[in-house]
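Here's a quick walk through one protein model. Have a look at the sequence and the 3D view, then read on.

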Amino acid sequence: MNDVPLFPLNAVLFPGGRLALRIFEQRYMDMAKACLRDGGAFGVCLIREGREVGAPALPAEVGTLARIGAWDMPQLGVLQITALGERRFRILERRVQRDGLARASIEVLPHEEDAPVPQTCIACVKLLERVVEQQAALFEPPHRLDSASWVSARLAELLPLPLPAKQELLELSDARARIERLNALLRPPAERA
């Protein structure tokens, strides 16, 4: 794909996830309008350098394509959207338009290798099950509690991990490796050593 608008954020979106965004800068309003009009996707990337507002931020090289699932304009000049994560991508070339919107040529990455949740990682499933029972609306259906890919992506989104750790988990192409890393983080500190 040669011309994907980028939305650098202090957040990491995983495939199958959702992210609530509040848009008020004109460059992103125009981007969202074009995506709504054309049904197009935009790239959500973690900010490596810079800020969400103002001068264009330098994004991480790997991000997630997203589409707008729902939108509302509760007041003039403020657009609220729900971005739905689709596929991971890698930025090949980035350029910045005169209005400050970054666009990129990207390579869509292959679907990650999924696997059943290993028995050693059942604690991850149980934790996510409790969250799903209480707040199922947080997650796009279907809720695939038997999938290492789905469980690990949802936990990586929910857990209060540092953003670089979330980015590292996004970049993994092996769901079993991701869920095993998350499982290790959930163990008490004495058991991690």
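Predicted model: local features only at pLDDT ≥ 70, side-chain atom pairs only at ≥ 80, totals over all residues.

**Strand β1**

Let's start with β1, which spans residues 4-9. Is this strand buried or exposed? Buried: 6 of the 6 residues in β1 fall in that class, so the strand is largely enclosed by the rest of the structure. If you follow the side chains, V4, L6 and P8 point one way, while P5, F7 and L9 point the other way. Residues on both sides are buried.

Which strands does β1 pair with? One is β7 (residues 102-108), which runs antiparallel to β1 and is joined to it by 2 bridges. Here P5 has R103 of β7 as its bridge partner. Another is β3 (residues 42-49), which pairs with β1 in the parallel sense over 4 bridges. In that pairing, F7 stands opposite V44 of β3.

**The cysteines**

How many disulfides does the structure hold? The count is 0. As a reminder, a disulfide is a covalent bond between the sulfur atoms of two cysteines. Take C35 and C45: C35 is in no disulfide, and its nearest cysteine sulfur, on C45, sits 13 Å away. Seen from the other end, C45 is in no disulfide either, with the sulfur of C35 as its nearest at 13 Å. A pair has to lie within 2.5 Å to count as a disulfide, so 13 Å rules this one out.

| Cysteine | Relative accessible area | Class |
|---|---|---|
| C35 | 6% | buried |
| C45 | 1% | buried |

Both values are under the 20% cut-off, so C35 and C45 each count as buried.

**The largest pocket**

Now for the largest pocket, which has a volume of about 280 Å³. Its lining is made up of 17 residues, and P15, E86, H111, E112 and S149 are the ones that lie nearest the centre. Which element gives the most? That's α3, with 4 residues.

If you're browsing the 3D view, the residues nearest the centre, including E86 and H111, are a handy place to begin.

Notes
Residues numbered from 1 in each chain as written. Heavy atoms only, no water. 1 Å grid on protein atoms, 1.4 Å probe; cavity = no way out; pocket = protein on both sides within 12 Å on 5 of 7 lines; lining within 4 Å. Points joined across faces, edges and corners; volume = space filled by probe spheres on them. Buried < 20%, exposed > 50% of the residue type's maximum accessible area, 1.4 Å probe, protein only. Pairing = 2+ DSSP bridges.
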